Amino acid sequence: MPSKTEKLLSLLNGQPVIPVLKIANVSDAVPLARALARGGLLAIEITLRTADALEAIRRVAAEVEDAIVGAGTILDARQFEEAAAAGSRFIVSPGITRELLAAAAGSDVPLLPGAITPGEIMAAREAGLRFLKFFPAEQSGGIASLKAFASPLADVKFCPTGGITGKNAAEYLSLPNVVCVGGSWVAPDDMVKAGKWDEIEALARAASKLAK
């Protein structure tokens, strides 16, 4: 039986950019997910930063066959369970807590928790997690920090998120301990609000071709 880390890697590996989405209008969720999928970004993270986030996850899970929808900004066990019940295939949190680790241990849905210090990374590693979110990336030393972790924490891989843009994504992706990056630049708020799905598809296609 594959480990949770292997399950998570099988969902996200091979996709250089994971769109991090804040859905202000639930009616945008399905056309946005379809545009991103057409552009080659099947795995998406819908953050629980809006009132309609869980409904957005439900709709994408039910209506967008190609999409691999995950939930982000999960802060506690209750949110973990609600997001999993809504159809999330993976769960992303900004940090790591005992409560979240316990919720993840009792679920088939894999957790991608945030960790930025050696102690946090080691705690996640002790819990059996080898694939972590590095957040907030740019504010936490960015590329230099990840390079420093590569040797002492050689078996841990990361998805840096926070301050990642189309301009610096390729440099992050060039690091041996980076699997993918998370970013919102592929679905700018103004384009989503205006329903510019073709333009978002084009941004997604460019992001999907970033070298790893």
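**Helices and salt bridges in a predicted model**

Me: What is the relative accessible area of Glu-82?
Reply: Keep in mind that this is a predicted model. Glu-82 is partly exposed because its relative accessible area is 31%.

Me: In which helix do Glu-55 and Arg-59 both lie?
Reply: Their side chains also meet in a salt bridge, at 3.0 Å from N to O. Glu-55 counts as partly exposed at 29% relative accessibility, and Arg-59 counts as partly exposed at 29% too. The two are four residues apart, about one turn of the helix, and both lie in helix H3.

Me: How many residues apart in sequence are the parts that Arg-130 and Asp-155 tie together?
Reply: These two form a salt bridge, with their closest N and O atoms 3.2 Å apart. Arg-130 is in the loop between helix H6 (118-126) and strand S6 (131-134), while Asp-155 is in the loop between helix H7 (142-149) and strand S7 (157-160), so the parts they tie together are apart in sequence by 25 residues.

Me: Which residues do salt bridges with shared partners join into one network?
Reply: By the rule used here, the count of salt bridges comes to seven. Where salt bridges share partners, they build one network from Arg-38, Glu-201 and Arg-205.

Me: How many of the 10 residues of helix H2 are buried?
Reply: Among the buried ones are Ala-29, Leu-32 and Leu-36. The buried residues pack against strands S1 (17-21) and S2 (43-47) and helices H3 (53-63), H9 (189-194) and H10 (197-208). Helix H2 (residues 29-38) is largely enclosed by the rest of the structure, because its buried residues number seven.

Me: What radius of gyration does the protein chain have?
Reply: The C-alpha atoms fill a box of roughly 45 × 35 × 30 Å along the principal axes. A compact globule with 212 residues would have a radius of gyration near 17 Å, and the chain agrees with that, at 16 Å.

Terms used. Residues numbered from 1 in each chain as written. Predicted model: local features only at pLDDT ≥ 70, side-chain atom pairs only at ≥ 80, totals over all residues. Heavy atoms only, no water. Buried < 20%, exposed > 50% of the residue type's maximum accessible area, 1.4 Å probe, protein only. Contact = heavy atoms within 4.5 Å. Rg over C-alpha atoms; globule rule 2.2 N^0.38 Å. Salt bridge = Lys/Arg side-chain N within 4 Å of Asp/Glu carboxyl O.
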